[in-house]
Every structure is written in C-alpha cells, then in structure tokens.
Amino acid sequence: MKHTSLKTFPENFLWGGSTSAYQVEGAWNEDGKGPSVVDMANHVEGVTDFKVTSDHYHHYKEDVALFAEMGFKAYRFSIAWTRIFPEGTGEVNQKGVEFYHNLIDEIKQHNMEPIVTMYHFDLPYALQQQGGWANRAMVDAFEQYAQVLFNEYGDKVTYWLTINEQNMMILHGDAIGTLDPSLKDPKKDLYQQNHHMLVAQAKAMKMCHDKLPHAKIGPAPNIVSIYPATSKPEDILAADNYVAIRNWLYLDMAVFGKYNHVVWSYLEENGWTPVIQDGDMEILKGAKPDFIAFNYYTSQTVQESTGDEEDKQGTGDQHLTIGETGVFKGAKNQHLKTNEFGWEIDPVGFRTTLRQIYSRYGLPLIVTETGLGAFDKLEEGDKVHDEYRIDFLRKHLEQMQLAISDGVEVFGFCPWSAIDLVSTHQGISKRYGFIYVNRDEFELLDMRRIRKDSFYWYQKVIKTNGQDI
Ligand code: BG6
C-alpha cells in the first residue's frame, strides 16, 4: 500500500540501542559473578570467547555518555543473572546488585530510559548442571530472580523484557551456545524447557504488575515474516507450519495464554508434548504483557518438505532456516541480497512483520534488535566508514515509518548494537555497533571507543525524531 503522506514518528519515541550482558560486559568472573552457560560453552574456533568482550563493565560510564551524545532516549541492556545469583539461586551477590544500580543511575542521569532484559541467553551454569530449564525447579529460580530485580530496580525501571529470543534458544540453541550438549532427546527436552520458560515468564509478568503498577513488561522473541517459496499451496502450507512453530507458539502463549493448535498437534505427532502441571494453564492465561518487544534481522523463506534428509540441511546459524522432514524445508529467496554472513536483507519484510504482529495481538510494539553485522575497518584518523550499516538501518526505518503509517503502534527502536560487542558465535570482528571498540579477535589493544559514521547519522535521525533519515 502506498501512502501519499507518511505519519511521523510519535512524540517521546524511544530511540535507542541494545546490548546484552554477556556480549558486552566482560569481567566474566569479577566481583563475585558466577559462570553462565555461555561462559562454559565450547567456543567456535578462531573467534574470541566472552571473558573480556567490550569491557563495558569497566567502561560503562564512558559508554553511557557516548549513547547520550548520540541522543539515545533509551538504552536496552540485560542483567547477568550470574552477577545477582552466582549460583542461580540462593545467596544474592551484593556487588552484582550494585553494578546494575550504578548502571541504571548513570543511564537515568543522562535522561535515558533503561529497558531491562531479565535474561538474555546467559543461564547460570549451576542451574544448567541441575538440568537447566527442563527442571521444573527453574520456574521457582526465575521467580526468585525476578523478585530481586523488581525489589531492587523497580522504582527506577519502567520497561522490562522477560526473556530474550526464547524461540531462538529452543530452535537454535546449538548455534547460540545455550543447548546442553549432553541431552539425549533434545527436542522433547527442549519443548519441556520451553513450557517451563513460558510459565516462568507468565509468573514474572504477573509479579511485575502486582508489585509495580507503573511498570510495563513484555516478551522479547525474534519474530520475522515467513514467505512461501512459490504460490504452490504446499509451499504456503509449509510457511504456515513454520510461522506457527517459529513465531506464534511463543506469542500466542505470552498474549493469549494458550498453545498454538498447529504447534500442539505437531508436538503430539512427534511425542514432544511437555508435562503440564495442574494450575499451569491458569498461570499462563492469567498473565498479560503490556507490549511486545521483538528482534528482526531477516525474513525467512520455506517450501514444501521433500521428506528426505535434505530437508534438514542448514548451518545451525540462528538466522538461517533449517528444515524439518514433513514440515517445511528452507529455501533461498531469489529477490533478496545477503550480508557478508549469508543473512538475507529484507527491509520490506520488516514492515510486513510489524503489521503481522500488530494485527494478531493489537499490542504496542518495540523493536529491540535489528542491525547489520559487518567486518568494519578502522581507518586513519580514527574513522570507520560504515555506510553499509547506515543504508541497512535507513531502509529499515523507512519501512518502519510505512508500518506506522499503516496504523501499527510502535513506541521504540533499539537497534543491535549500541556499541561493538561479541557476536553469539562469530566473534568481535562481526561488528554491529555505532561505536567501534578497538580490539581484535584475540588482541585487546587499547579498547578505545571510536565514533563510526553511523554514530553521526543516528544522532541526526534522533535529533530530528526520524524526519531526516
Ligand atoms: C540475536 C541475539 O539473535 O541476534 C543477539 O539476541 C545476537 O544476542 C544477535 O548477537 C546477532 O546475532 P549474532 O549471531 O551475529 O551475534
């Protein structure tokens, strides 16, 4: 649909940027922090681990000042569960609690809104050793953790995100480093984990509303449009299968408190239905998010499953499609270009995704991640000419404005990432930030912060409230 006049971005729109604790903080074992599953995972050969990353733990004041200079109205970051509870439960680590007080205070002093992700991939390793999310006790552990966060930071934080990309942890945990390699029947185990995460999330949302009437809370999955490769009805059905398994399972539960029927029958068919305890469905139905946060990097295209092993081919990357025999098969979209890592670039798909989520759930939306990973080059005079990133973000913003003009309610945009950080499995040289961090894969160099060209571009976008993109 064409618009002859575009709606402007709303007043008080939350322009910002995102990071996650384990990818940006470093200080992986400082001040009492316990190890998380990503600290203990085997790291991909040739790329850095998560021990130092961008050392934001020691540079947070400087980093927050740079975000403020860009004009950020909001900064989305995550809290490392293992700083608060080194063992996942039990005794609280006061130094960890203090760090996030300091960080939040710093953000607020610069007139930015803290947007807090409670859990972004970094499950405490101690809990993993007790069975991780497959263990029902995790629901209580998350509840206890949520209680500490709401008690400590509840009077300072308005926007809470429960779990980052739960769907990617279930579907692509091997790529991200969250999958327990010792699992004997991973799919069955994962859908049990999924159920426990959903119950834990529902309890956290309810607790947030009970304790903090002024606060707003929502889930933060990765949601993207799924295209059929052709208009062949079987391809369309395959896309319908995949969209239910990848997207709607998570949001139907968060918003409506019910299992998506297509997914439920797929779980039954495979013998993967989770154990549901008495009272779980009431808990799930009784919690309502205030908004939906979502991450979008690329659309995905699928076709009919051919029923053979070829269906399952894929790289294991969380943004590339792996098919499932009898359900769908990943396909290449001939109309889209890819980035240096093979991810298809699809700004129009971003508009479609915004429309689809809003039409289905009718809740306000905030974009908590999108962005372009690239091998940036630091040039003479401390310059980084990342016009490809500007181009990516500009095109996505144009489409977001079109979606707003289509009537979609969007209240914030926090691209990935506010500053360079370590990718889930492709190292620090896959850079996303507006700010360059001077280190290499294995050499830390001086870690100085350098404003990229995209920094100045985004500064202008924010200053004009998206009028000049
Ligand atoms: C999302 C995650 O899946 O994509 C981030 O929420 C991640 O943690 C981002 O970094 C980009 O993916 P990657 O694999 O390039 O780091």
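The model is predicted: local features need pLDDT of at least 70, side-chain atom pairs count only at pLDDT 80 or more, and totals for chains, interfaces and linings use all residues. Numbering starts from 1 along each chain, as its sequence is written.

Start with the whole chain. There are 15 helices and 13 strands; these are DSSP runs numbered from the N terminus, helices being H or I of at least four residues and strands E of at least two. The radius of gyration is 21 Å, close to the 23 Å from the globule rule for 469 residues, so the chain is as compact as a globular protein of that length. That radius is taken over C-alpha atoms, and the rule is 2.2 Å times the number of residues to the power 0.38. The C-alpha trace spans about 60 × 55 × 45 Å along its principal axes. Of the 469 residues, 52% count as buried (20 or more other C-beta atoms within 10 Å of the residue's own, with C-beta atoms placed from the backbone).

Now take strand β2, residues 74-78. Here 5 of the 5 residues are buried, so the strand is largely enclosed by the rest of the structure. Ala-74, Arg-76 and Ser-78 cover one side, and Tyr-75 and Phe-77 the other. β2 pairs in the parallel sense with β1 (residues 14-18) over 3 bridges. Pairing requires at least two DSSP bridges between two strands. Gly-16 stands opposite Ala-74. β2 also pairs in the parallel sense with β3 (residues 113-119), over 5 bridges. There, Tyr-75 has Pro-114 as its bridge partner.

β6 and β8 (residues 300-303) run parallel, joined by 3 bridges. Ile-226 faces Gln-300 in β8.

Finally, the ligand. Around it are 16 residues, of which Ser-20, Glu-165, Gly-373, Ser-423 and Thr-424 come nearest. A residue is near if its C-beta atom, placed from the backbone, lies within 6 Å. The shell divides into 11 polar, 3 charged and 2 nonpolar residues. Asp, Glu, Lys and Arg count as charged; Ala, Val, Leu, Ile, Met, Phe, Trp, Tyr, Cys and Pro as nonpolar; the others, Gly among them, as polar.

How values were computed
A residue is buried if 20 or more other C-beta atoms lie within 10 Å of its own, exposed if 12 or fewer, and partly exposed in between; C-beta atoms are placed from the backbone.
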